[in-house]
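Student: Could we go through this structure together, with the sequence and the model in view?

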Amino acid sequence: MPQKAPSVIDRYYTRWYKTDMKGKPCEDHCILQHSNRICVITLAESHPILQDGRTIKNITYQISDGCSRLKNKVSGKSKRGGQFLTEFAPLCRITCTDDVEYTVFSCIRGRLLEVNEAILKRPSLLLEKPSTEGYIAVILPKFEESKSITEGLLTRAQYEEVVSKRTNHQPDLC
Amino acid sequence: MIPLKDKDKPIIRKLLDAGCCARCILRFCCVAVQSAYRLSYEDICRELSAFVRDSEKEQTHDVTIQTQKDDPPQKKLKLENSQAGEHDTSAAATVTAECGRDTAGASVCVVCLGVLQDFCNHGFAKKVAEAVKAENYEIESLVLSVSLPAQLSVREHSCWLHIKKEVREKSMCLGKDDVIQVKEAFKWTLQTMVSKELRVPVLANSPFEVAVGFTHAETDADCHFLATTCSDCFKPTKNKLSVFTRMAVVKALEKISDDKFCRNFPCPPTKPSTECSPQDITCLHGSVFVAGRYNKFSRELPQTPWVIDGERRMEGSVEELIAAPLLSSFRAEGFNFSSSGREDVDVRTLGNGRPFAMELLNPHRSQFTKAEIRQLQEAINQSSDKIRVRDLQIVTREAMSRMKEGEEEKTKSYSALIWTQRSIEKKDLEFIENIKELTIDQKTPLRVLHRRPLAVRQRVIHSMSASLLDCHHFTLRLRTQAGTYIKEFVHGDFGRTKPNLCDLMQTETDILELDVESVDVDWPPAVPE
Ligand SMILES: [Zn+2]
């Protein structure tokens, strides 16, 4: 009988990380890149929201008065009409019950394909399954940029090193 | 022999004057008897001159029909004409008949540019037949297609206007549509000869087409005035080398007034100094379609070649394994593979197999007995143990559509090896058999989203059954609507398929192996062993 094989993410995705997003300590993002170049943006497990005891009060994809990621629509095979995002484009804002607000960013350049409406209905999904059902958004990088978009990101090993140094040397930062 | 009427005589004289060849004269006299064109060029000339000479006895026209350059004098026919010099009947009209290779100095027909003079003979037919033989086709029939330079239509129109004046004066009823087209006259003549050379009949809807083409650089500019008079007919298109396509020229000629045409183009057309050049003779046999069902026993074999960024990711494919023996037996130039749905690289297709059809392009052999097809199936099956083919048969293009129609409504049966995170017992699986006609919403799976539109599709899982293997594994059998993504139903695809097996089982589930057990499409019909 086969042992539990690597998970779906292990099998088909490469994990990339962006730590301390926009200089904010521990606000780590995870970018799951499928072999077909599509990227799923999630919170990294070290993100402050996922640390013990936090609960979510509100999630909004309305990132400014004029811009809501919920209004994103794509059509056809070429995904016409999707909002084009750069690395620092905000995807959503999450407020915890302690009234601290966090912004989740795109981390990569690409076309926004979809956001996760399920976490609006059930914010707890984000805490329970941050790397699967609690994803933030799906982004399609340009074909010609599918390799270069990950250049500024950390690999899983680099990320683990950053996180372990953090707990060893700067435990008070997070 | 050639059905000509008295009222054709003035037309014949005018065309002789203009420099028309004998077959073009028959065309403009609307002679629709195919055998007339098949006479040798000399014989047509002889008949025409005899016909005009007869009238000469009453009218004494002065017409010389020269059947061959530097012919012995007895072949030259001189016809006296009392009306000589009157009107536009010239004192001597000459038509040069070329019945062979001796074209030097002979006058080339002003209308067909030599197509009906120098290429309607056994010599050219032999050349065409040899080109076909060189390709080594096994054929049962043939059809000829001809591509003529676009300016031929301009010259035809000019000549028609030239005799139309005459025709009106004589109040004869004759329309441009009654004139036999160069293409037709050419086919009537050459096709029969080629057919005899190759010993196969001519068939209007034959799958085997021999294409003959001509160009005539000297007169290419003939069409150019039309671009200024009918500019809207000549719009540049991406894939055409010249805007002066035959279709565009014909359309422009339909629009232009007679006056305008005559102001811009000589009536009758000027005499060319060279004849048309024949282009390469090309052969094309219509596609043959072969259908069957295949099993795929490997989890490392894609259905079609798997290429990413121009690099091959895996050796071989189902379609290549099936195609290789077919290509060599049918001696085809290529193929198009299609099937009723497809499975992923790591999915096996068991049971009766998946219906497929293979279009074989330009096959050089297309007739096979049932026994030969069975041998071919055997050859495919011997070539690899990764696949197996059954029910192999030759089908029509129309029958092939049965494979695709109603594809969405068909059901497919699968068997999957499932892992569960939570430890399970037999009773944890009992509820699965009670689930009937479960509708699920599937967003386009992330794994195919890069090449398919984003949509939510409803699919129905008709029934399921489960058998426990151990506390973390069980076999799930499903009967689903075609188009259901089974892997995503099991692992949920980031919650993008709802409900999914994780929701139903209330634990994380994953799919380790998947087999297609049956594809319920009743085509192609079974072939008895
Ligand atoms: Zn001619």
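What follows is a set of questions and answers on strands and cavities.

Tutor: We work with a predicted model, in which local features need pLDDT of at least 70 and side-chain atom pairs count only at pLDDT 80 or more, while totals for chains, interfaces and linings use all residues. Residues are numbered from 1 along each chain as its sequence is written, chains are lettered from A and ligands numbered from 1 in the order in which they are written, and side-chain values use heavy atoms, with hydrogens and water left out.

Student: Why is strand S5 of chain B largely enclosed by the rest of the structure?

Tutor: Strands here are DSSP runs of E with at least two residues, and helices are runs of H or I with at least four, numbered from the N terminus. A residue is called buried when its relative accessible area is under 20% (1.4 Å probe, protein chains only). Strand S5(B), residues 208-215, is largely enclosed because the buried ones among its 8 residues number 6.

Student: Which residue of S5(B) stands opposite Val143(B)?

Tutor: Two strands pair if DSSP finds at least two bridges between them. Strand S4 of chain B, residues 143-147, is joined to S5(B) by 5 bridges in the parallel sense. Across this pairing, the residue opposite Val143(B) is Glu209(B).

Student: Which are the edge strands of the open sheet in chain A?

Tutor: The sheet consists of 6 strands with antiparallel pairing, in the order S1-S2-S3-S11-S10-S7. An edge strand pairs on one side only, and in chain A these are strand S1 (13-18) and strand S7 (84-85).

Student: How much space lies in the largest cavity?

Tutor: On a 1 Å grid over the protein atoms alone, a cavity is a set of points where a 1.4 Å probe fits but cannot get out. Points are joined across faces, edges and corners, and the volume is the space filled by probe spheres set on them. The count of cavities of 30 Å³ or more is 2, and the largest holds about 80 Å³.

Student: Which elements give two or more residues to the lining of the largest cavity?

Tutor: Lining residues have an atom within 4 Å of a point, and here they include Tyr12(A) and Glu488(B). The elements giving two or more residues are helix H1 (8-12) of chain A and helix H15 (486-491) of chain B.

Note on methods:
Buried means under 20% relative accessible area, exposed over 50%, partly exposed in between (1.4 Å probe, protein chains only). On a 1 Å grid over the protein atoms alone, a cavity is a set of points where a 1.4 Å probe fits but cannot get out, and a pocket is an open set with protein on both sides within 12 Å along at least five of seven lines; lining residues have an atom within 4 Å of a point.
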